[in-house]
Amino acid sequence: MKREIKKILIANRGEIAIRIIRACREMGIVSVAVFSEADRTSAHVRLADEAYCVGEAPSAKSYLVMENIIDAAKKSKADAIHPGYGFLSENDDFAKLVRDNGIIFIGPSASSMAMMGNKTEARKLAKKCGVSTVPGTESGITSKEEAMAVAKSIGFPILIKAAAGGGGKGMRVVTEESELNDAIDRAQGEARSAFGDDTVYIEKYVTQPRHIEIQILGDEHGNIVYLGERECSIQRRHQKVIEESPSAVVSPDMRQRMGESAVALAREAKYFSAGTIEFLVDAELNYYFLEMNTRLQVEHPVTEMVTGIDLVRQQILIASGEKLPFNQDDIKIDGHAIECRIYAEDCDNNFAPSIGKIEHLEPSYGPGIREDSGIFEGDTIQIYYDPMISKLAAWGKTRGEAIGRMRRALREYAIVGVETTIPFCLFVMENKKFIEGNFDTGFVAQEFSPDKLTHKEDLIAAVAAAVHDYIRNRDQKSQAIKTSSGSTKSNKWKWAGRKAGIGLD
Ligand code: MV4
């Protein structure tokens with residue numbers, strides 16, 4: 001069935017709202033923003049064609065209030081709602097409510113979302129269609145005796161997970177028998193308070209895994225394709241920081257096997273729209289189904305850069321009832337893309353949120369660089385929402401070229417007013433293990449400490465040295481500038497001086 005989409009309400013904020021507005025504009029579709037009282041002057045509101053206030057600053061009183069979003073869609077006469085990621089994007093009740101109100105939901109069916117939202121149901125579905133899962137319980141555990149029997153048969157260490165969870169919430173590693181009962185009580189308590197459902201299940205604990213996920217696209221006519229993988233192992237406390245495509249360890253054969261597993265699972269769930277199937281990959285490159293995300297993901301740009309396919313445009317076309325315009329054979333992976341998430345956090349101070357006004361903003365451009373930003377100079381970063389303010393991505397013909405471009409772009413980037421994770425991203429891009437492709441989800445814990453960051457004190461000392469030498473040398477037309485330690489590091493110190501607005505030529 002063909003449905004015409006002329007106007008889309010975007011039930012989100014920040015960079016992803018802007019990403020969707022851009023797709024709308026390219027397709028001749030009118031965009032409608034929603035905003036909380038704290039976001040009245042935010043970038044997504046300024047870029048949309050129309051905007052409606054949906055409530056007070058806290059998300060629970062605005063972006064998460066389904067009725068307010070529906071009201072705004074009706075007032076604006078939007079044909080469709082795009083939920084972005086986070087907020088209501090994986091809420092099957094919301095998808096149903098949208099459709100019950102005669103509005104197109106740009107995403108999968110409510111039943112696919114509900115199926116994948118329950119982690120034990122998703123695991124069962126994976127097993128049913130022959131996709132490997134980590135050894136463990138079939139469903140939620142019903143007694144401690146059952147849990148002990150399963151744990152003994154698969155062997156410690158094991159991991160207790162919440163059936164309603166995902167993203168690491170309510171997880172507990174158990175290394176020996178004596179800890180099991182206590183760990184179950186705690187995991188159930190955590191699951192109850194976080195999700196209102198204390199069902200927990202058990203899996204064998206895979207040590208030092210990689211997190212690799214497959215992007216899929218499906219239409220409402222049963223066509224499903226995979227668009228390669230994304231390597232997402234560089235995480236900090238279950239928060240992804242760097243993603244890339246392709247993964248340094250995935251061969252064409254492994255990509256095909258993982259891709260076909262992902263498509264089999266999506267087919268079983270009668271899935272349409274964009275979706276992601278997450279896998280754990282062990283040291284021997286065995287892969288195990290972890291969970292499925294039924295939304296557009298933060299890291300979708302790296303897939304777009306290596307496939308040339310606009311995922312948001314495809315989501316919109318799929319929602320209007322169109323068939324996918326390509327098949328599996330048409331999809332080719334070209335080159336390599338890396339994304340760095342820029343958070344307004346202080347990586348020198350345990351990644352504490354950094355709020356305040358963006359006094360000065362100097363983004364990076366140039367060959368192979370894409371930025372999906374949610375902020376403009378003069379904007380204020382507030383406490384209410386996710387601290388991710390922008391995503392910087394680099395494409396290269398090879399992984400090495402992409403890393404080189406990313407390093408250059410991170411060094412060019414200047415944000416004054418809030419602290420950001422740019423120095424952390426630069427640390428990763430300069431790390432030997434990262435460059436070799438030799439890392440897993442333990443990377444940040446094992447490799448990172450704040451003393452490995454290029455220190456702000458270094459920059460201040462550099463500026464001081466540059467000023468000193470500038471004054472001393474201004475009549476001598478000297479190009480080389482001496483540092484306080486006496487070594488000649490012309491470019492670096494000149495660069496530091498320029499960053500501080502001091503001309504040195
Ligand atoms: C695991 C695991 C090891 N073994 N499951 C964390 C988030 C959630 N989606 C699943 N997670 C894990 N599940 C088994 N059986 C290790 C993790 C894990 C992890 C996974 C992906 C990325 C980062 C991670 C960091 C710590 C633990």
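## A surface loop, a ligand shell and salt bridges

Ile355 sits in the loop that connects strand 16 (352-353) and strand 17 (356-357). Helices (H or I, at least four residues) and strands (E, at least two) are DSSP runs, numbered from the N terminus. This is a predicted model: local features need pLDDT of at least 70, side-chain atom pairs count only at pLDDT 80 or more, and totals for chains, interfaces and linings use all residues. Residues are numbered from 1 along each chain as its sequence is written, and side-chain values use heavy atoms, with hydrogens and water left out.

Ile355 has a relative accessible area of 47%, so it is partly exposed. Buried means under 20% relative accessible area, exposed over 50%, and partly exposed in between (1.4 Å probe, protein chains only).

**The ligand**

The shell around the ligand has 18 residues; Lys161, Glu203, Lys204, Val206 and Gln235 come nearest. A residue is near a molecule or strand if one of its heavy atoms lies within 4 Å of it. The side chain of Lys161 has an N or O atom 2.9 Å from a nitrogen atom of the ligand. For Lys204, a polar backbone atom lies 2.8 Å from a ligand nitrogen atom. Glu291 places a polar side-chain atom 3.3 Å from a nitrogen atom of the ligand. Taken alone, the ligand exposes 510 Å², and the protein buries 89% of that. These areas come from the Shrake-Rupley method with a 1.4 Å probe; for residues, only the protein chains shown count as cover. Strand 6 (158-162), strand 8 (200-204), strand 12 (273-281) and strand 13 (287-293) each give two or more residues to the shell.

**Salt bridges**

Side chains of opposite charge can pair when their charged atoms come close. A salt bridge is a side-chain nitrogen of Lys or Arg within 4 Å of a carboxyl oxygen of Asp or Glu. By this rule the count is 39.

| Pair | N to O distance |
|---|---|
| Glu220 and Arg3 | 2.8 Å |
| Lys391 and Glu15 | 2.9 Å |
| Lys124 and Glu121 | 3.4 Å |

Lys391 in strand 21 (residues 388-396) and Glu15 in helix 1 (residues 14-27) are 376 residues apart, so this pair links distant parts of the chain. Both Lys391 and Glu15 are buried. Lys124 and Glu121 are three residues apart in helix 6 (residues 119-128), which means that about one helical turn separates them. Lys124 is partly exposed at 27% relative accessibility. Glu121 is partly exposed too, at 35%. Salt bridges that share partners join Glu213, Arg230, Lys240, Glu243, Glu299 and Arg341 into one network.

Key. Polar contact = N/O pair within 3.5 Å; in protein donor to acceptor, adjacent residues only side chain to side chain.
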